[in-house]
Amino acid sequence: MEKDFDLIVVGAGHAGAEAALSASRMGFSVLLLTMNLDTVGQMSCNPAIGGVAKGQLVREIDALGGEMGRWADATGIQFRVLNAGKGPAAFSPRVQSDKKAYQKLARETLERIPNLTIRQGVAEEVLVKGGKVAGIDTREGLKYRARSVIITAGTFLSGVLHLGQIIISGGRMGEESADKLSGSLKRNGFEVSRFKTGTPPRVSFRSLNLDKLKIQLGDEFPRPFSFRTEGFAPHQVPCYLTHTTPETIRIVTENLHRAPLYTGQITGIGPRYCPSLEVKVKRFPGKTGHQVFLEPEGRNTDEVYVGGFATSLPAEVQRDALKTVTGLEDAEILRFGYAVEYDFFPTHQIKSTMETKRVENLYFAGQVNGTSGYEEAAGQGLLAGINAGLRLQGKPPFVPRSDEAYLGVMANDLTTTELLEPYRLFTSRAEYRLLLRSDNADFRLMDYGYRFGLIPEDVYENMRSQREAIATEIKRLKATFVSLPEGALNLARYLRRPDVSYRDIEKLEAQKRKGTEVAPASFIPLPVGERRGEGDERIKEAIEIELKYEGYLEQDKVMAERLAKNAGALIPKNFKYDKIAGLSTEGREKLEKFRPGSLDEARQISGIRASDLTLLFLRLQG
């Protein structure tokens, strides 16, 4: 079974799947090495893809040729756009997936790629020669040689599970850990640290008191994640919302002395933005109710994910606490929650391409970089796979700018920030989030995906025709005028009014064609050449967003260009940061402490937001 490969990917989760697919589609022979063939593409924790900033990232992965969005569309059981009542920069698609169907489809996709080989085995040694990676040595005694290696081992590196006082070696419950790979990397000079994450119990749907729960339905008109999904008409199922009670809080509080997080049993730092139940109870002692989300794990299973109830408390405490939650009085626990500690590699050791600085052609992606979330992992895996392929082709690397993609924001954050907790994407991390909307990811990034050979010709041409149609229609609207009581106004400016939509423009034009009176406005006939038809809903929405936010979009584009051009701008030694209105508290404290000499130095300080940099730049400009 020993064989030479162009690339070896260690780990077949979300990062590994995208890394292997991208590199193999670029024409390279790839070995995807997994500890268990039955868990390829498994959703380890919650049964959802997307969410705030994460949904935008999934659209970007799709635009670059990744598969996460397509798998989510094909296996989704409920689709919702979060923050739909806010502006388009905040619109965040999210889907509840059938976990087993997602996993099955992921494996089937990987198995259909001609030059992609999938093998079960445990990687124990990274082979390095002359500062370059040379392959992988496995527990089974096989050496696989390769020109590049991508490590995407998730939570399996020296993984330890905690359920009350019970400690089990493993990366997931029921699965062993990879205990020797971290040691191999340590011997090659890598710094290793520990993080912690957790998962909630799962309960039987049949045991829920549905009449006490608040039902949550999917969107009436759901939209797919992937720009390539056709014939989208999913059959959706409901989710449910409930809350903990004062009795829940009492039980947890009385058992905090048995919580591994507070007994010293767990030493790794957990995610601040997805805290366990015991952390929420201790952190907010006066709060008597916390939201609990009940999410079915699939169409054909009785299993329900209890979101917001992540815990590593002893099993009997979980059981007693869960029965005090409204609607869960008779809940039957199918799986208990637990915490997992694992090794990761602090990200000062990687480049923004995901290649390590210490060993050439060795890449890290996913939770081994200290991140959390399926979407962040998939994005890093795709970025690593693309860059490994480009490196093997002798071409320049690819890292999108922070004003081009959330993927670029994440790459920048990981390589310029010291991670004190598992990293998670948020829209607040992107200064130019109005440019990085979920609706325009293909317009921003598909040119790259096509250039790398990851986007089919027909898909690319369809995107180009839509992009051109939008530009043509915007140009026409700016050249077509409507007569109003206050004077003539072009249709583009008319559409910018808060109470006017593109449909209103269509109605006005339809009335004019029929020769009927148009109130309160009438068109001034101007020869503007060929007029576009109505087009599809996606094009209309894009036109409306582009015109209504045109001023802000142009302002962001100009500012991004100016910041990039003036990265070397010097900051006076005794600069008064307290004179800058709007600086974040953390940003002001860090700038005062480190006293950077230039904008670029300021950018590299942990805790400095993109908005802080913009304010600093504007102040320096006078």
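Strands are DSSP runs of E with at least two residues, and helices are DSSP runs of H or I with at least four, both numbered from the N terminus. The exercises below concern a predicted model.

**Exercise 1. Determine in which loop Met-354 and Asn-361 are found, and whether each is buried or exposed.**

Solution. 
Step 1. Met-354 is found in the loop that runs between β19 and β20, the latter spanning 362-364. Asn-361 also has its place in the loop between β19 and β20.
Step 2. Consider the backbone. Phi of Met-354 is near 80°, a positive value in a residue other than glycine. For Asn-361, likewise not a glycine, phi is positive at about 70°.
Step 3. The cut-off for a buried residue is a relative accessible area under 20%. Met-354 has a relative accessible area of 1% and is therefore buried. Asn-361, at 11% relative accessibility, counts as buried.

**Exercise 2. State how many cavities of 30 Å³ or more the structure holds, and characterise the largest cavity.**

Solution. 
Step 1. The structure holds two cavities of 30 Å³ or more.
Step 2. In the largest cavity lies about 50 Å³ of space.
Step 3. Its lining consists of Lys-196, Gly-198, Leu-261, Cys-274, Ser-276, Glu-278, Ala-310, Thr-311, Ser-312, Tyr-338 and Ala-339.
Step 4. At least two residues of this lining are supplied by each of β12 (193-199) and β19 (338-344).
Step 5. Sorted by class, the lining of the largest cavity has five nonpolar, four polar and two charged residues.

**Exercise 3. Find which strand gives the largest share of the lining of the second largest cavity, and give the classes of the lining residues.**

Solution. 
Step 1. The second largest cavity holds about 40 Å³ of space.
Step 2. Phe-79, Arg-80, Val-81, Pro-93, Arg-94, Arg-223, Pro-224 and Phe-225 form the lining of the second largest cavity.
Step 3. The strands β4 (76-82) and β5 (92-97) each supply at least two of the residues in this lining. The largest share, three residues, comes from β4.
Step 4. By class, the lining of the second largest cavity has five nonpolar and three charged residues, with no polar ones.

**Exercise 4. Give the volume of the second largest pocket, and name the helix with the largest share of its lining.**

Solution. 
Step 1. The volume of the second largest pocket is about 1400 Å³.
Step 2. This pocket is lined by 49 residues, and Asn-412, Asp-413, Ile-608, Arg-609 and Ala-610 are those that lie nearest its centre.
Step 3. The elements giving two or more residues to the lining are α11 (406-416), α17 (550-565), α18 (585-594), α19 (599-603) and α20 (610-621). The largest share of the lining, six residues, comes from α11.
Step 4. The lining of the second largest pocket divides into 21 nonpolar, 11 polar and 17 charged residues.

Conventions:
Residues numbered from 1 in each chain as written. Predicted model: local features only at pLDDT ≥ 70, side-chain atom pairs only at ≥ 80, totals over all residues. Heavy atoms only, no water. 1 Å grid on protein atoms, 1.4 Å probe; cavity = no way out; pocket = protein on both sides within 12 Å on 5 of 7 lines; lining within 4 Å. Points joined across faces, edges and corners; volume = space filled by probe spheres on them. Nonpolar A, V, L, I, M, F, W, Y, C, P; charged D, E, K, R; others polar. Buried < 20%, exposed > 50% of the residue type's maximum accessible area, 1.4 Å probe, protein only.
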